[in-house]
Amino acid sequence: MINLEHLTINYGDNTVVKNLNFSLGHDEILMLVGPTGCGKSTILKAIAGLVPIADGKITNSHWVADAKHQVPPEKRNLGMVFQDFALFPHLSVLDNVSFRLKTTKKAEHWLAVLGLSEFSQVKPSQLSGGQKQRVALARTLAHEPALVLLDEPLSSLDAALKDELRWQIRDALKAAGVPAIWVTHDQEEALSIGDQVGVLRAGNLEQLADPQTCYNTPANEFVAGFLGDANFLDGQLDSNNNNNNCVNTVLGSAAIHPNQHSTNQVKVLLRPEDIDLQANEQGNGKVIWSRFEGKSSLVLVELSDGEQIRVRQSNKVTLHTNQTVQLTINTQAPLSVFPVTEK
Ligand SMILES: Nc1ncnc2c1ncn2[C@@H]1O[C@H](COP(=O)(O)OP(=O)(O)OP(=O)(O)O)[C@@H](O)[C@H]1O
């Protein structure tokens, strides 16, 4: 368990984390995402005791740290996993993992769980990047930390390896039953691996929720745009509908989540996969460009009113610039809307 209350962190006069609040249950994984410089690593460092807290407090099962009581890092019982693995090059894999432990039992256990038993006696230099990162995780878990902090653990690895390894790390954390805070630049990683996703902007937590909620009902336009491709289409709330749960757009009307906003003019969030595209000479838009992305294609379409919309569609269809197409909203799920005044 870890609990952050009103946490504020300064570097000199510069406040980089402002009034941060969250808590994690016994085996929850929180993915922290946000633009570069928004304070993600600083939050991990404050939890680890490597930078001081200016205000607020951090509570773990066995310690409480605040501005007046800074618990030293070695008393916090935290495990850290970094991008650069931080293994001792002169020690074998087993000696790295069991470093400072009385026996090798726990080390052998986690090496087996992570599929590394056959590498116990080799030196880290003989391992691939993905194997080194699994050794680093095995070392962390063998020390039975109360919380694991991961700072972009996969960012130095190639894409094919990342996908497999992120699930191995998640499974190992769940098997250990330990909470974890995982900083990543990869939105897909955050949404697929996290029990909770925290989206930061300039030291503020803009949204903290499960991945589906963050993606489908983002708190604001920033979160919507940060977690994936997002179109914000002009819309008018349907005045014939007393519940205000329907919006009219140039692509037709659609159901919306219960509307909290007072304005009739709204921006409607449409993900590229929420829209159907058909070649049609009488259609409502023209193709600006189409980009092949492997498993799908991303197409930019300009509507007759000048709005530009990104649509994701089958990679089997070839479209050319200026081709006329018909766009329609293809989702039955309620859409999110935002007030037009929001920046
Ligand atoms: N030791 C330091 N002294 C002064 N300012 C710092 C220090 N470390 C970080 N900063 C500043 O604090 C802010 C937050 O930095 P931090 O490294 O936490 O961001 P981040 O979200 O982890 O970024 P990135 O995604 O690029 O790793 C940035 O503006 C950064 O320049």
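**Entry 1: the ligand shell**

I sorted the residues of the shell around the ligand and got 3 nonpolar, 6 polar and 1 charged. I keep in mind that this is a predicted model. Next I listed the names. Tyr11, Val16, Gly34, Thr36 and Gly37 are among the residues that surround the ligand. Cys38, Gly39, Lys40, Ser41 and Thr42 belong to the list too. Which helix gives the largest share of the shell? I found that helix H1, residues 40–48, supplies 3 residues, the largest share.

**Entry 2: strand E11 and its partners**

I looked up strand E11, residues 231–237, and followed its bridges to strand E14, residues 265–270. I counted 6 bridges between them, and the two strands run antiparallel.

**Entry 3: helix H5**

I checked the length of helix H5, residues 159–176. It has 18 residues, so at 1.5 Å a residue I expect a span of 26 Å. The end C-alpha atoms are 26 Å apart, which agrees.

Which residues of H5 are buried? I wrote down Leu165, Arg166, Ile169, Ala172, Leu173 and Ala176. Then I looked for what covers the buried residues of H5. The cover includes strands E3 (29–33), E7 (147–151) and E8 (180–183). It also includes helices H3 (105–113), H4 (129–142) and H6 (187–193). Just after H5 comes Gly177, with a positive phi of about 65°.

I looked at His6, which is not a glycine but has a positive phi of about 50°. His6 sits in strand E1, residues 2–11. Is His6 buried, partly exposed or exposed? I count 13 other C-beta atoms within 10 Å, so His6 is partly exposed.

Glu144 also has a positive phi, near 50°, and is a residue other than glycine. I located Glu144 in the loop between H4 and E7. Glu144 has 12 C-beta neighbours inside 10 Å, so I class Glu144 as exposed. The cut-off matters here, because a residue counts as exposed at 12 or fewer.

**Entry 4: the UniProt record**

I looked up the annotation last. An unreviewed UniProt entry lists residues 2–227 as "domain: ABC transporter". In the model, I found this span to be 33% helix and 27% strand. The end C-alpha atoms of residues 2–227 lie 25 Å apart.

Definitions and conventions
Residues numbered from 1 in each chain as written. Predicted model: local features only at pLDDT ≥ 70, side-chain atom pairs only at ≥ 80, totals over all residues. Near = placed C-beta within 6 Å. Helix = DSSP H or I, 4+ residues; strand = E, 2+ residues; numbered from the N terminus. Nonpolar A, V, L, I, M, F, W, Y, C, P; charged D, E, K, R; others polar. Pairing = 2+ DSSP bridges. Expected span 1.5 Å × (residues − 1). Buried ≥ 20, exposed ≤ 12 C-beta atoms within 10 Å, placed from the backbone. Contact = placed C-beta atoms within 7 Å. UniProt positions renumbered as here; feature names shortened; annotations may be inferred.
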